[in-house]
Structures are given as structure tokens and as C-alpha cells.
Amino acid sequence: MNISMWILVDWLKQYDFEYNIKCGKCVLSNIRALTQDTRKALPSSSILLCHANKYDPAFDQGILCLNGDDSILIHMDSIECIYNEIMNAFDYYTSWENNLSQAITNNGKFADVINAAKSIFQNPLILADSGGRILFHTLDEPHFEWERDLYRQLVENDFLKIDMQKIINEQVVAGTEHCSVPFFRQLKELRFPILYKNINTNREHIGWLMLWETKIPITKGKIQLLNFLGEFLAANQQTDQWQDTLSSKSMIFKKILNADNLSTDSVALYMNAIGWQKSDPKILCKLSPCQTESVNIRYVCNIICTFLPSSYSFIFEQSVLVICNLKNVSSTDLFAQLQTYLRAFNMCIGLSCIFYDITHLRGSYEQTKIALKYGHQTSKTLNYCEDYLEPYVYELLRTSISCDISHEALNQLHTYDTRHGTDYYHTLQVYLQEERNQTKTAQTLNIHRNTFLRRLSKIQELINIDLDNSSMRFHLWLSYILNSR
């Protein structure tokens, strides 16, 4: 791998030196001696090594390392010693890169890759996916109580602390997930800063690499090395655990939603493979930010994958979808678990009607959109499609009907009520709403049952319609919906 003048500064720390670094990019791969050619045009990948006074008589003594505008002046006379040190640095980091590649080639385990980097950084390293789940860490057994508390939460739960997750989420929303440069952040309760490196592939945020400054200061050279390690992990993400098992299993659901050519048999085989039967009640949930909040949807999706192992979470059309088998988890427990993170990140959820046939998933998805569309007009966190069918149907009618289809009988009752101070229009509405149950209607209207029966008799006398006819009742109820808007 190529190193930089900053990395070289760290490597030469045992010597007495001074440096002036303006660029410090990771471009160095060889050493050149001072000649007329190298003095005039030194390749950007080379370090010019010479006695300082031979390069510039203004220097009294020392060994000079040059690359462009960057320089390191070592206060000693042995150029051979410094040459060997720099060559050792090239060999060391090349060997490290080879070890990383070998770890990926052998078994593709994160543990081997991160362990191969442990001696480079000396401080604790943590690798987490974009949902905050810890994939691997190099945390040693802590010595202080505050360290032990943090250690237990991270190691036992295999998940980042909620405050750390919020910091990450804020950075992701702000666009930092696409930034290639590592950045520092510090939690107020921690005594040290954390260096974050986004792991990003094909413009998709897939995880974080974190270096904790608990033992030694994090230098600019270490920042560059962490950046290299993050880029290496991103380049090799397809060989390891980035793609969660649940994510790969959710592919069948995406294909159904996309109306891909799937045979009934192939769908049935897959459902059997995950233990889902056609007779199992299922529900689809769509998560959405409340109002104009910005949330990293991949982050939320990974969190739900972790905390709802009996369900399948995936991203579809820039939204997080969760499909749940209610045979495996009760709706009460499901929604209680979801609300923990809905509150943390100010999100709400649209719920489909319960369904059984997985091939009807696209229709259930449209139901979640209806629930969220009308649910956003309320302050509810959980929005059921069933609760918004009436305004949904009304909007469909309003946008598609070009004439008045209200039943004339309602106009007659409204006119009679206006002239005589009666309440027949509302009485009939409640009677239909209570499915023609006379006792319940009287209770809802807060009148005696005999009073209601007299009203009903008068209503039938005025409009002369057959309320035993289901089509007539539907027309009347539809008219009430249209008249109420």
C-alpha cells in the first residue's frame, strides 16, 4: 500500500525531527536519492532522501525527507539508518495490506480483518453495520467502572449505545455517510473522542468503522490508516457479513412487490423454507418519518432486523417495510417493540389489513400508503388502513365522479328538518351506522327506544324507501359520506 508523510511521521517517532507537511496524501511507494534529475522533477510517489545541507546549504546537518511541499528533517547524520527505517515502513504496511487480503481470501471473516489491524491502531476498533449492530470489536477488558458499563452494553447486547446511534443517524441524515474523510465526535458522557469512518459502497451506506481514543492519541497518520481500512472493507463487502441473512431472505418479498415473474410453486416453496404457511395471518408495516423529519432508512431497517428476528425488514421504494407473521408474534408485542425506535427517531407507521396469501403483498403495500397518507394528518404513531378507508373512498369519488349521486331522500329529510326543527336526517344516519340495531341506535341518540321507533316510522313515511334492500342502504350511506365532506 502507499503511505504518506503523516504515516512516516508516526513511524519515525523515536527520532528527533521536525516536519512541515502541507499535503500529506497517501501516495508514497519508493525512495529516491538526490540527483540532478530528482532535484528537478521528483515523481509524486517518491520520497527524496538526502543529507539536508546537500539539498540546501542553509541546513547545517540532518537527513531530509522530501515529497512535493512536504518535508521531514531528522536530526542525525546516518542516511543509511533512515533509509532502512523508511524501507521497513514500506514493508510493514505492504505486509499489513497482504494480511488483510489473505484474511478475506481465506474465510472472509471480519474478525480476522480487524484483528490484523489491531496492532496498527493500538486503540479499540469497533466495526458496526449501518443499523448500529456490532459486527466485531477489539475492546479489551476495561479497568474503570464507567468503562465496564459501556463494555457490558456494547459486548453483551452486540449493539451500539442509543446515544451513539443518534449521533451516527444525525451524521447520516446530514450527508456525512457519503463523505470519504473520517470525522471525530464525542459523546458527552465519554472521556474520549471517537473517530468514525463511513463504509460506503456504490453510494450506499453499509456501516461504520470506529476508533476510540482511549490509549494513545489518534494522529493524522492513524486517520489515514483508518480511512484505508474502511475503504478496504467497502471494496470487499460482498465477501462477508454485510448482507444480513434476513436481507437476502427478503428478496422474495421485493420480487412480489415488483410483480416479477414468479410461479406460484416457487413462492410456496420459499414460504415453506422460512416456515410461513398460507394460512398464517400476516401484516405489512411501512415506516415513515413524521412530518418533515429526516431519517437514515437503512439504519432503521437494520435496527428492526436485529430486534424483530421473527419478521423480515427491507427497503422498497425508499421506505422501510416490515412483513410480520402474526402466528409467530402477537400484534401487541410487535407494535410495542416497533414503537421503541419509532419514538427515538420520530417515525410513524402505516399498517395494512391482515392478509394470508403472500402473493397479495402488493395490495397490502398500497394499503400501508393509504394509512400513512391520511395518518400524517393526525398525531398517531400507528395508523391502520381500516381507519382511513372512508376518507380514501371519498377522495376517489370526489376526483372521479362528475355528477351528484347523492340519494334524493336525504335532501328531503334535510329540508323537512330545517322547516320543522326535527332531527330525522341524523337519526337515519345513526340507524344505518348501528347496522339497524334499534336499541343501539336509541342509546347513541340518547333517546327512549319508543321515541326512536316513532321517528323511524315518520322517516319511512316521508321518504318511502325499503331499508331492507342492501343496495338502497349502501346508496344512502354513500350519500351520507359525500354530504359530510
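**Overview of the protein chain.** The accessible surface of the protein chain is about 24600 Å², with 47% of that area on carbon and sulfur atoms (Shrake-Rupley method, 1.4 Å probe; for residues, only the protein chains shown count as cover). This is a predicted model, in which local features need pLDDT of at least 70, side-chain atom pairs count only at pLDDT 80 or more, and totals for chains, interfaces and linings use all residues. Residues are numbered from 1 along each chain as its sequence is written, and side-chain values use heavy atoms, without hydrogens and water. The chain has 20 helices and 15 strands (DSSP runs numbered from the N terminus: helices H or I, at least four residues; strands E, at least two). Of its 485 residues, 47% are buried (under 20% relative accessible area; exposed is over 50%, partly exposed in between; 1.4 Å probe, protein chains only).

**Aromatic pair Trp96–Phe228.** The model holds 22 aromatic pairs (rings of Phe, Tyr and Trp, the last by its six-membered ring, with centres within 6.5 Å; planes under 30 degrees apart are stacked, over 60 edge-to-face, the rest tilted). Trp96 and Phe228 form a tilted pair, because their centres are 5.5 Å apart and their planes at 50 degrees. Trp96 belongs to helix α4 (residues 79-106) and Phe228 to helix α8 (residues 220-235), so the pair ties together parts 132 residues apart in sequence. Trp96 is buried at 3% relative accessible area.

**Aromatic pair Phe335–Tyr384.** This pair is edge-to-face, with 6.0 Å between centres and 80 degrees between planes. Phe335 lies in helix α13 (residues 331-344) and Tyr384 in strand β15 (residues 382-384), so parts 49 residues apart in sequence are tied together. Phe335 is buried, at 8% relative accessible area, whereas Tyr384 is partly exposed, at 30%.

**Aromatic cluster.** Phe253, Trp276, Tyr312 and Phe314 are linked into a cluster by ring pairs.
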